[in-house]
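Work through the exercises below with the model open, and try each task before reading its solution.

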Amino acid sequence: MKSAPLPLMLLILGLTFAFLYVPISVLVALSFNESGLPTAWTGFSVKWYGELARNGDILKAAGNTLIVALASTVVATTLGTLLAVGVEIRRRKGRFLETIIFAPMIIPDIVLAIALLSFFSLLNVTMGLHTIIVSHVVFNLAFVCAVVRARLKTFDWSVVEASQDLGASTLTTLRRVVLPVLSPAVVAGALLAFTLSVDEFIIAFFTAGAGRDSITLPMQIFAMIRFGVTPEINALSTIVMGLSVLMLTLSQRLNRGRLPGQ
Amino acid sequence: MSEPLLSLSNVTKEFGSVRAVDGVNLDIAENEFFALLGASGSGKTTLLRMLAGFETPTSGEVRLDGRDISHVSPNHRPVNLMFQSYALFPHMSVARNIAYGLEMERLPRSEINARVGEILEMIQLSDLAGRKPDQLSGGQRQRVALARALVKRPRLLLLDEPLGALDKKLRGAMQLELKRIQDQFGITFIVVTHDQEEALVMADRVAILKDGGLLQCGTPREIYEHPQSRFAADFIGLMNFMPATVADGALLARDGSRIAAPLPEGAHNGDPMIAAVRPERLHLGEGDHENRLRGRLIAKAYHGLDLQLHLETDLSQEPILVRLTASEAEGQALETGTAITLGWKAQDTRVFNA
């Protein structure tokens, strides 16, 4: 079979990228539009970013998001790493465990959201930031575990035995050998978890409970958008997106840059 | 032998229904360089892992200095293992790798530094102390792994295929180097290897393992000169085998010729046997040897120190292998295709039950 000529392939590639990135570029551009109107460009300005800083609701929501993202990242990273190591050690027990662990990655967010809401209602838990944190741990755990496990596939387990042989206890071996060797993957997993948590909407929306106290940034944007897309939203979205891209890039860098000897 | 350092009595290890190590009894003396020799699946690695503490015997006892250590965990035994893959910590420098075991003993920092510096000098890697393992060559990594285990001054050092990952030339040099280090430190070494030449060169005593059991144990010379089974004779060095039957205090070969040989006790006329002779015990000409054979020279190979001949004979289906020293072969017309007569002594013949 003859492959398509180069110009045609370049055209398709260009269109694909345009489809993916033109809307985002427009959003970013509009956030710097002085007039704030999507129809007319009146000049470059950062005044909408200034407006953001004066908007109490947005600042509150940003604070909430930061709390949720940090807390769920710390918990998910700790548990996810231990889980990955544990599963790898016991992997001879079959693949059933793996499927269960990775299920939250595949289950649609809406299903997970409803399930968590029902679960919390059933337990009569008062909902708020803490329930969002727990809910975010649920899916973040799976992601951290996946990233760390990918690293464990190339892990030379004989160093664990070597550490024991040289006189280290299990805990010392974990602290001084296993974790340092895994650290790039652990950090990468944490960054990924943080990013996912920052822009997660559906699950947070379902498990936040009533009241404005536990509104996160995506929820705030959603609330504002009901009255039309304001330039402030463009500015806010640009910031969130910039942060996500930064985190993801960092995460991928870390995961690729293998430690010496691996 | 005085009180042995290490004593295995009836050590058995089963994995499910598989018996990996089967009732091994073995005493190893202080300061010995001991080799466990066997093919893969012979149980030698399982035996080594039981000595290191990574496996516990299903039954039997492992005693070190008279103390039963069968169920002592690896981090509480005065035994260290040099791993086949070296298992160096990839995130630590050479010096940190070596210091690790001493830090676990909670020694004062000054002593740790002194001992690490001392051993780095000994393995000639002082200049590379700050390097990470992946910045070292295979030979250098091997030396770091050895130093990391040795610096703890264990009662017993286990080495799992220590030279397996090195190229052939380096291996030869390291065989002698290991022997020198063992001598210098006065630590008992147990080497696991599948390489019979390596075992013969390095070890004071060799144990041959087969199917989890101990087949024969002795000095390299004993094992080479007096193998107790056909397997041991075949496994160690080169050996010519000739089927024969017992006939009036000697052996009758396939071609009807008599082979004078020391017969095992209780051999009766007509018993099938296998006569064996090392290639270097065969000599050109009839001389005053009790045994002789005639064969057609089908191939010869020059090896520098010696000349190897392949003879086609009626004694065996396999060609008979002969090793002549360079001086022995000198001035001899050894044309392939011609017939040659060789002789060997009765006392150089080994006889095994067929």
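**Exercise 1.** Which residues touch the most other members of the largest nonpolar core?

Solution. This is a predicted model, in which local features need pLDDT of at least 70, side-chain atom pairs count only at pLDDT 80 or more, and totals for chains, interfaces and linings use all residues. Residues are numbered from 1 along each chain as its sequence is written, while chains are lettered from A and ligands numbered from 1 in the order in which they are written. A nonpolar core is a set of buried Ala, Val, Leu, Ile, Met, Phe, Trp, Tyr and Cys residues joined through C-beta atoms within 7 Å, where buried requires 20 or more other C-beta atoms within 10 Å of the residue's own, all placed from the backbone. Among the 147 residues of the largest core, B:Ile98 and B:Leu158 touch the most other members. Helix 8 of chain A supplies the largest share of this core, 13 residues, helices being DSSP runs (H or I, at least four residues) numbered from the N terminus. Domain 1 (6–231) and domain 2 (238–353) of chain B each contribute at least three residues to this core, with bounds from an automatic or database domain assignment.

**Exercise 2.** Describe the side of chain A that touches chain B.

Solution. Begin with the count: 18 residues of chain A are in contact with 21 residues of chain B, contact meaning C-beta atoms, placed from the backbone, within 7 Å. Next, helix 7 (158–165) and helix 8 (170–198) of chain A each supply at least two residues of this side, and helix 7 of chain A gives the most, with six residues.

Key
Contact = placed C-beta atoms within 7 Å. Nonpolar A, V, L, I, M, F, W, Y, C, P; charged D, E, K, R; others polar. Buried ≥ 20, exposed ≤ 12 C-beta atoms within 10 Å, placed from the backbone.
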